[in-house]
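Here are my notes on the model we talked about. Have it open beside you as you read.

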Amino acid sequence: MGISSAGPRCSVWSRWTQLRWLTSFHGRILAQQSVTSAPGTLQRRKPPGVPTSVVSRPWGVRPRGRRALHTASSGYQEVMLTSERYRVQRLPFSRVSDSDVAFFERVMPGRVITNPEELKPFNVDWLKSVRGCSKLMLKPQTTAEVSQVLRYCYERNLAVNPQGGNTGLVGGSVPVFDEIILSTVLMNRIISFDKVSGILVCQAGCILEKLNEYLEEQGFIMPLDLGAKGSCHIGGNVATNAGGLRLLRYGSLRGTVLGLEVVLADGSALDCLASLRKDNTGYDLKQLFIGSEGTLGVITAVSILCPQKPKAVNLAFLGCQSFAKVLETFTTCRAMLGEILSAYEFMDEKCMELVERHLKLSSPVTGSPFYVLIETSGSNSTHDEEKLNNFLEQAMTSGLVTDGTVATDDKKIKTLWGLRERITEALTHDGYVYKYDISLPVGKLYDLVTDTRARLGRSAKNVVGYGHLGISNVSFSAFAWDLSSCRDSSI
């Protein structure tokens with residue numbers, strides 16, 4: 001199964017040419033395109049007597065709790081417009097005209113959305129914290145169509161906001177103003193899969209969970225796993241360099257992504273959709289787009305290396321009395337479990353309280369200030385269980401862990417993972433959420449949470465912490481009693 005391409009494959013020389021093109025046009029790309037996770041540089045409204053300043057609005061996507069699109073709360077119109085909340089002005093882009101809509105209808109008949117009611121959910125982020133006012137959404141199916149759209153928008157000076165599954169927690173996937181929404185929802189074809197090498201090639205709009213289900217039938221899995229896997233797109237994962245629950249075992253997307261197909265802001269297609277693990281022919285241009293959050297172009301296809309599906313998976317859910325014990329437990333389990341350790345997650349008691357209260361999930365372990373979730377995966381169940389049991393015995397006798405449970409069958413494993421993956425969903429029921437996802441030296445991770453609690457005091461309803469301790473990543477959230485109480489505080 002092939003994919004349309006609007007440009008030639010990369011060679012040593014064409015890569016050098018493309019790199020020079022990217023360098024010379026970088027400024028025009030940033031100015032021209034309103035992007036996946038950063039709507040560009042925005043100008044604050046100029047107060048009287050104060051020189052105009054240019055600020056860059058911070059964006060980033062790290063979806064967590066498993067979720068479908070827009071389930072956090074009701075009423076899209078209740079969400080304040082992003083332009084009003086952040087007091088930013090629209091840059092001098094052209095406005096969409098009837099002739100523009102007619103052109104897009106010719107390019108993709110029946111896949112041009114102008115109905116205001118249909119557009120509402122695509123103008124609002126999942127947390128319902130920001131809202132744009134786009135009047136047009138396009139649903140291309142091929143790279144050639146994306147190329148036509150961006151070339152036309154480039155020439156007409158129309159702002160574009162690429163959008164995947166719209167599962168982001170910081171508003172980067174929705175327009176700031178009236179940008180055209182370029183949705184990859186119909187770019188969902190699996191192009192090829194090589195069972196010998198484990199290399200998957202697919203379009204950018206493929207849903208992560210669907211890819212994993214397809215691969216499991218072949219005896220493989222995706223190298224990343226996110227709580228938002230039921231809705232997020234692989235193109236958005238790559239564009240934001242998503243980490244997730246499997247990064248400890250399989251590494252980041254910078255290592256597992258082998259090639260990309262990308263359409264640049266002027267409509268030029270960069271085809272570096274390689275399927276080789278080792279390729280020294282020129283510059284590794286794909287690395288420019290992994291984590292670039294849409295600032296350089298729209299990812300339309302991905303080539304990714306997938307590991308074999310583990311034959312034996314075990315999950316331990318344990319309680320610890322302090323964050324210091326959480327760190328010691330990690331050091332011990334890394335030493336004793338070695339090559340079978342695939343995930344190490346932590347969460348504080350506040351997280352568990354919210355999951356139980358709002359989602360009615362029951363934790364088998366209670367009464368601890370901190371909890372850790374440890375997953376092992378390997379090819380020999382007897383070997384893995386023996387190593388895990390030895391570790392648990394050591395952790396219990398040394399006082400690192402006070403209570404715990406172990407799951408080995410799929411149903412119980414999914415139930416325990418649900419406690420971790422659905423934390424973000426639970427947070428949305430407890431007030432207005434300020435969500436942050438930060439990487440710090442592992443020993444300092446929870447200091448951020450305690451310091452934030454002390455700084456905010458009673459102005460925040462809750463401050464919670466959880467995350468991928470194995471990769472020095474913490475998610476922490478502050479809940480406002482009301483919208484203004486935290487807005488006026490410095491976090």
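The points below go through a sheet, the cores and a pocket.

1. First, some housekeeping. This is a predicted model, where local features need pLDDT of at least 70, side-chain atom pairs count only at pLDDT 80 or more, and totals for chains, interfaces and linings use all residues. Residues are numbered from 1 along each chain as its sequence is written, and side-chain values use heavy atoms, with hydrogens and water left out.

2. Let's start with an open sheet of four strands, ordered β4-β5-β7-β6 with mixed pairing. Strands here are DSSP E runs of at least two residues, helices are H or I runs of at least four, and both are numbered from the N terminus; two strands pair if DSSP finds at least two bridges between them. At the edges sit β4 (112-113) and β6, each pairing on one side only.

3. Now for the bridges. β6 and β7 (residues 180-183) run parallel over four bridges, with Val160 partnered by Ile180. β5 (residues 137-138) is also parallel to β7, through two bridges, and there Met137 has Ile181 as its partner.

4. Are the faces of β6 (residues 160-163) buried or exposed? Val160 and Pro162 on one side, and Asn161 and Gln163 on the other, are all buried (under 20% relative accessible area with a 1.4 Å probe, protein chains only; exposed is over 50%, partly exposed in between).

5. Next, the largest nonpolar core, which has 33 residues. Such a core is a set of buried Ala, Val, Leu, Ile, Met, Phe, Trp, Tyr and Cys residues joined through side-chain atoms within 4.5 Å. Leu200, Met222, Leu224, Val238, Leu260 and Ile304 have the most contacts inside it. β10 gives the largest share, four residues. A second, separate core of 28 residues includes Phe330, Phe391, Leu400 and Leu445.

6. Take a look at Leu200. Leaving aside residues up to four places away in sequence, its contacts (heavy atoms within 4.5 Å) include Ile190, Phe193, Leu211, Met222 and Ile304.

7. Finally, which residues lie nearest the centre of the second largest pocket? They are Asn212, Glu216, Lys229, Arg246 and Lys414, out of 30 lining residues. α14 (410-421) gives the most to this lining, with six residues. By class, the lining has 10 nonpolar, five polar and 15 charged residues, with Asp, Glu, Lys and Arg counted as charged.

Notes: On a 1 Å grid over the protein atoms alone, a cavity is a set of points where a 1.4 Å probe fits but cannot get out, and a pocket is an open set with protein on both sides within 12 Å along at least five of seven lines; lining residues have an atom within 4 Å of a point.
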